[in-house]
Amino acid sequence: MSVQQAVEDYRPGDLVEPDLEECRRHHIRFRKFDWPWTVRRIQGSIVTVERRGCTEQWHRRFLRKVIP
């Protein structure tokens with residue numbers, strides 16, 4: 001399976017959380033564990049999520065889907 005095939009498909013309403021290992025590699029740190037976040041919109045590789053009542057845009061490589 002190629003890397004592109006392994007990329008998760010997101011849909012509005014999906015719950016996602018940060019991929020902490022990928023974030024750590026890019027020096028992104030979190031002070032609070034305030035996830036899961038809700039996917040609102042997807043535009044190519046940019047995923048808009050609702051976090052703490054606000055929307056933020058993240059590159060899909062920094063996210064992973066929450067499996068219920």
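A residue counts as buried when its relative accessible area is under 20%, as exposed when that value is over 50%, and as partly exposed in between. In the predicted model described here, Lys65 has a relative accessible area of 25% and is therefore partly exposed. This residue lies in strand β5, which spans residues 63–65, and its side chain reaches the backbone oxygen of Asp9 at 2.8 Å. The C-alpha atom of Lys65 is separated by 9.1 Å from that of Asp19, although the two residues are 46 positions apart along the chain.

Strand pairing was examined next. Strand β1, comprising residues 15–18, runs antiparallel to β2 and is joined to it by two bridges, with Val16 having Trp37 as its bridge partner in β2. Strands β2 and β3 are likewise paired in the antiparallel sense, over five bridges, and Thr38 has Glu50 as its bridge partner in β3. These two strands, β2 and β3, form a hairpin with two residues between them, and Gly44 in the turn adopts a positive phi of about 65 degrees.

The largest nonpolar core contains twelve residues, namely Tyr10, Val16, Cys23, Phe30, Trp35, Trp37, Val39, Val47, Val49, Trp58, Phe62 and Leu63. Strands β2 (37–43) and β3 (46–51) each supply at least two residues of this core.

How values were computed. Residues are numbered from 1 along each chain as its sequence is written. This is a predicted model: local features need pLDDT of at least 70, side-chain atom pairs count only at pLDDT 80 or more; totals for chains, interfaces and linings use all residues. Side-chain values use heavy atoms; hydrogens and water are left out. A nonpolar core is a set of buried Ala, Val, Leu, Ile, Met, Phe, Trp, Tyr and Cys residues joined through side-chain atoms within 4.5 Å. Buried means under 20% relative accessible area, exposed over 50%, partly exposed in between (1.4 Å probe, protein chains only). Helices (H or I, at least four residues) and strands (E, at least two) are DSSP runs, numbered from the N terminus. A polar contact is a pair of N or O atoms within 3.5 Å; within protein, one must be able to donate a hydrogen and the other to accept it, and residues adjacent in sequence count only if both atoms are side-chain atoms. Two strands pair if DSSP finds at least two bridges between them.
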